[in-house]
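I opened this entry to look up ring pairs, nonpolar cores, domain contacts and backbone angles. My notes follow the structure.

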Amino acid sequence: MRETHCTRAIWHLTHSRPEVLVDYFNPWTPMSRQVSMLTHRFSVVSALCEQVGVDEELVVLRNALAFHLLRAATWWRIDFAAPRVAGMPTTRFMAHIHAHIDRVAEDESLFDVLTWQHHMRRGDTSHVMVLGTDPLCRWGTAILYGIDGQRRFRFALCEGRMGRGLTWDATAHGDFVSTCLDARARHSMVETGNEVLGEWEDARIEHARAAKYHTLHFRHDTTRPVIDRYIEVLGEMTRCRSRFGRFEFGNILNHIAFLLVRAAHERQVSVASVLREGTAQPINLRVANSIKKRARAHVAHGVDPLLQDGLDAMLDGVVSGYSLSGQV
């Protein structure tokens with residue numbers, strides 16, 4: 001048992017570090033996958049820390065994962081509650097975060113901006129903490145990202161790589177992706193002289209519609225059938241004109257499809273059976289098969305790879321449905 005514990009601990013110390021799991025500055029990396037990895041690895045590492053003779057490095061890793069769970073929730077503006085997401089009381093979860101920021105000055109500064117703001121001019125939009133640069137930015141103008149005294153994301157365009165001509169844009173956003181899309185649109189205009197925003201403008205509008213679904217990522221809406229949410233999001237995706245909008249709503253749709261198939265698994269019925277009970281919308285086998293296909297896409301691209309084998313097996317055990325009669 002001790003050998004197994006050590007083997008798992010060593011593996012996680014290499015493969016579960018936050019910098020390996022999360023790519024904060026690339027909006028094309030599915031948010032659900034990164035959040036799933038942070039959540040699951042935090043759970044596993046926390047369990048390892050409860051065992052006898054735990055290595056101090058593992059405790060440090062657990063604390064770092066706790067901080068980055070909170071950072072990710074802020075980054076993508078996800079409604080976060082430690083008991084629901086991390087499976088522990090808020091006071092205990094925050095103790096892990098405080099232990100982390102006592103060790104890492106940069107993360108302590110970000111935590112301060114997001115909370116009590118002892119080191120910021122509280123509420124001052126002109127006082128901005130630098131978060132980093134856009135790694136996908138090319139040409140001669142760099143994009144710099146920050147967060148201001150009102151806890152809003154900002155961007156600035158910098159001439160060259162040394163930050164010459166730095167001026168923070170007046171527009172502020174509640175989540176990082178909105179800021180990133182705005183920054184890249186402005187960057188494109190500066191570098192190409194093209195005043196037609198086109199795809200960027202569509203992407204910004206569509207992300208604003210998608211943001212409400214990100215906020216509720218950890219919540220289970222029991223006020224209406226899941227199939228109604230699926231149909232709603234499918235309609236949103238159909239309306240999208242930008243590639244990013246279709247990407248974002250596609251990931252949301254895959255997640256909702258997974259929730260539908262998981263509900264069928266828990267009830268030991270077919271997907272079609274769950275659908276017919278949940279809505280007055282017409283349901284057929286093609287719809288059920290499409291939902292199961294999207295659920296598989298969520299498992300492939302939207303969850304922690306460590307969970308994929310078990311979830312694939314679960315999906316294998318759920319049938320779509322055989323007919324439009326009551327036979328399933």
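I start with a cut-off: buried means under 20% relative accessible area, exposed means over 50%, and partly exposed is in between. The model is predicted.

**Backbone angles**

I looked up Q117 and applied the cut-off. Its relative accessible area is 3%, so Q117 is buried. Q117 is in the loop between α7 (105-114) and β1 (128-133). I noted its phi, near 55 degrees, a positive value in a residue other than glycine. Most residues other than glycine have a negative phi.

I then turned to R77. R77 is not a glycine either, yet its phi is positive, about 55 degrees. I found R77 in the loop between α4 and α5 (82-85). Its relative accessibility is 49%, so R77 counts as partly exposed.

**Aromatic pairs**

How many aromatic pairs are there? I got a count of 16. I picked W75 and F153 to look at. Their ring centres are 5.3 Å apart and their planes stand at 80 degrees, so this pair is edge-to-face. The pair links distant parts of the chain: W75 is in helix α4 (residues 56-75), F153 is in strand β3 (residues 153-159), and 78 residues separate them. Both W75 and F153 are buried.

Next I checked Y145 and F176. The centres of these rings lie 4.8 Å apart with planes at 70 degrees, so I logged the pair as edge-to-face. This pair also links distant parts of the chain, with Y145 in strand β2 (residues 141-148) and F176 in helix α8 (residues 176-192), 31 residues apart. Y145 and F176 are buried.

Which residues do ring pairs link into a cluster? I listed Y24, F25, W75, W76, Y145, F153 and F176. I also looked for charges over these rings. R71 lies over the face of Y24, 3.9 Å from the ring centre. The charged end of R71 also sits over the ring of W75, at 4.6 Å from its centre.

**Nonpolar cores**

The largest nonpolar core has 55 residues. In it, F42, W75, W76, F80, F93 and Y145 touch the most other members. Helix α4 supplies the largest share, ten residues. Where does this core lie relative to domain 1 (1-114) and domain 2 (124-193)? Both domains give residues to it, so I place the core between them.

I listed what F42 touches, leaving out residues up to four places away in sequence: R62, L65, A66, L69, A86, M88, F93 and H96. Another core, of 30 residues, lies apart from the largest one. I256, L259, L275 and V318 are among its members.

**Domains 1 and 3**

The domain assignment also gives domain 3 (220-317). I read 28 Å between the centres of domain 1 and domain 3, taken over C-alpha atoms. Their contact takes twelve residues from domain 1 and 14 residues from domain 3. I have about 1,100 Å² as the area buried between them, with carbon and sulfur atoms giving 64% of it. Which residues of domain 1 lose the most area to domain 3? I noted W28, R33 and H40, together 51% of what that side buries.

**One last residue**

I205 is in helix α9 (residues 199-215).

Key
Residues are numbered from 1 along each chain as its sequence is written. This is a predicted model: local features need pLDDT of at least 70, side-chain atom pairs count only at pLDDT 80 or more; totals for chains, interfaces and linings use all residues. Side-chain values use heavy atoms; hydrogens and water are left out. Rings of Phe, Tyr and Trp (its six-membered ring) pair if their centres lie within 6.5 Å; planes under 30 degrees apart count as stacked, over 60 as edge-to-face and the rest as tilted. Helices (H or I, at least four residues) and strands (E, at least two) are DSSP runs, numbered from the N terminus. Buried means under 20% relative accessible area, exposed over 50%, partly exposed in between (1.4 Å probe, protein chains only). A charge sits over a ring if NZ of Lys or CZ of Arg is within 6 Å of the ring centre and within 35 degrees of the ring normal. A nonpolar core is a set of buried Ala, Val, Leu, Ile, Met, Phe, Trp, Tyr and Cys residues joined through side-chain atoms within 4.5 Å. Domain bounds come from an automatic or database domain assignment. Contact means heavy atoms within 4.5 Å. Buried area is the accessible area (1.4 Å probe) that two parts lose on being put together, summed over both.
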